[in-house]
Amino acid sequence: MTFPETRHSVLAAVRSEDPRERASALEGVAGAYWRAVYTYLRLRFRHSPEDAEDLTQEFFARALDKGWFAAYDDSRGRFRTYLRTCLDAFAANKHRAESRLKRGGDATFLALDFATVEGDVRALELPAPDADVEELFRREWVRGLFARATRELERWAIERETPAVWEAFRRYDLAQGGSAGRRLSYADVAREMGLPVTQVTNHLFVARRELRRLVVDALRAGCASEAEVAAECRELFG
Amino acid sequence: MSPFDDATLDHLRGVLRELSTAEPSAAPSLAFPLRPYELLEEIGRGGMGVVYRARDRVLERDVALKVIAPGGASADLAARLGREARILAQLEHPGIVPVHDVGVLADGRAYAAMKLVRGEPLSSWLAARGAERPGRAGERELAERLRLLLKVLETVAFAHARGVVHCDLKPGNIMVGSFGEVLVLDWGLARHHGSPAEAAEAAAESTAPAERAPAGAAGVRHATGATVSGAVLGTPGYMAPEQERGERTALDGRTDVFALGAILGELTAGAAPPAAVLSIARRAQALLPAERYPNVEAMAADVARFLARQPVSAHRERPGEVLRRWYARYEAPILLVVAYLLLRILFWVWPR
């Protein structure tokens, strides 16, 4: 797999002298990680949905304010691991805090759709006390990447006026989960959509190719370097 | 959206992993082409490769992206695609699809981006219209088909004027738009006769006949109308004898005249066309190039003369045919005169 775009390093932007660039970079990092942070707080620290929302907002606000991400040293591991370590330390301190008001209450830093994520969190099993926290955070991060890329894919298909591409993807690829009951075949989806099977497989190919691009885009926003993006891609896609 | 559960996540990771490792032939990997073309759907497939409707992300327009099939012959096919693109770049004509861009995808396959045209191949257009009808309706149908052929002849004549011979004219390579516009496609076998490079290449082949495929090898896919790959290139049934024999140095505008004669035969198949039309087709398809029309303009002139109910050069009329043609040409004035004479006779014999 090749990565033709070499973006300006997220890390460099987080360390920028320009506060606007710094805030923008942090917003990108938050976009890539907020879902994992929220789910991690809910599952590992057993915070209530309201507390987890507040803590997620506050975690990113604090990170910007205190320059936590700028202190990241890429020789000591992946940015994702560093961010999770920061979150562990932040959550351990906040675990002892008494109330929302003491934390600053209703301050909102980012516009995040917690309600949708909470629906997903409720469907997940609580981890065992001895669960691998790194793996838990990573799994939720990957889930966030795919959820974000899937939303982008729907928008992309509508903007390109190819709704059948999204429909085929929704009906087939998003219906393969355990809660979906019987798994549909390509022929089932073709029948439902009134299309030839080859057209459905073509649509699915287009959707998957675009999804991969969007996942890589989302991933890039949460990695400190292109080398890290490549390493994450290898883990995700082989 | 339903919960993004582990099973859905695993499935998606699995299909994206497959996408990354798939064979190029199994799934076209246009994920990161050098130019940002966004593949939308497959719109055609042939021996040379696949044609996709694709989105040019820079110019925000849909194009037809012709991508060479991978495999042992891909280098030759890529060379043909490149030659086709260079020829098309020289031919700016409403009847010829313009090429926008050529290049190589990230997976190494050559592509050409062309204008996306809407319409149907002449072969489908003919099949949809069915057999010609008898009587006046049949005459109108024949005239419409010949006017369509005239547009093809004009386009090919334009290419010939610039030294380009198509060498693979057939109904499948002619697109008919919804407003009757005509486009001549697939210039992959075209020859730029008269160019020094082409002459040298042709001469080299002519001096090495042992390396040429036997002419009989060209007949294997006659029924499908597909272009035969190999040393002898063209489509059986539309290929002139000199092209079937692989005599590249002998190919010129008359090679296309032969194919156009075959197309004329298809346009009038299923009906009893007038003898003049049969003669035009017969002359165009003469086995010896010297006995064909010397160029496409001459053939077009005959077709135009037939449409104007004038004598055609390829046909010697019998007296009865001359009378029928005159009647058809001057039908209205003849009927007026006859009516006038009848009235005069009527007044003359009517008892006063």
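In chain B, strands β2(B) and β3(B) form a hairpin with 4 residues between them, and B:Glu60 in the turn has a positive phi of about 55°; helices (H or I, at least four residues) and strands (E, at least two) are DSSP runs numbered from the N terminus. This is a predicted model, in which local features need pLDDT of at least 70 and side-chain atom pairs count only at pLDDT 80 or more, while totals for chains, interfaces and linings use all residues. Residues are numbered from 1 along each chain as its sequence is written, and chains are lettered from A and ligands numbered from 1 in the order in which they are written.

- Strands pair if DSSP finds at least two bridges between them, and 8 bridges join β2(B) to β3(B), which run antiparallel, with B:Gly49 standing opposite B:Ile68 in β3(B).
- Strand β1 (residues 37-45) of chain B is joined to β2(B) by 7 bridges, again in an antiparallel arrangement, and B:Glu41 stands opposite B:Arg53 in β2(B).

**Positive phi outside glycine**

- B:Glu60, which is not a glycine, lies in the loop between β2 (49-56) and β3 (61-68) of chain B.
- B:Glu60 counts as exposed because it has 7 C-beta neighbours inside 10 Å; a residue is buried if 20 or more other C-beta atoms, placed from the backbone, lie within 10 Å of its own, exposed if 12 or fewer, and partly exposed in between.
- In chain A, A:Arg46 has a phi near 55°, a positive value in a residue other than glycine; A:Arg46 is placed in the loop between α2 and α3 (49-66) and, with 11 C-beta neighbours inside 10 Å, counts as exposed.

**Open sheet of chain B**

- An open sheet of 3 strands has the order β6-β8-β9 in chain B, with antiparallel pairing.
- Because β6 (120-121) and β9 (182-184) of chain B stand at the edges with a single partner strand each, one side of each is left without a neighbour in the sheet.
- Strand β8 (residues 174-176) of chain B pairs with β9(B) in the antiparallel sense over 3 bridges, and B:Ile174 stands opposite B:Val184 in β9(B).

**Largest nonpolar core**

- A nonpolar core is a set of buried Ala, Val, Leu, Ile, Met, Phe, Trp, Tyr and Cys residues joined through C-beta atoms within 7 Å; the largest has 138 residues, of which B:Leu65, B:Leu260, B:Ile280 and B:Met299 touch the most other members.
- Helix α2 (residues 19-43) of chain A gives the most to this core, with 13 residues.
- Domain 1 (29-115) and domain 2 (120-316) of chain B both give residues to this core, so it lies between them; the domain bounds come from an automatic or database domain assignment.
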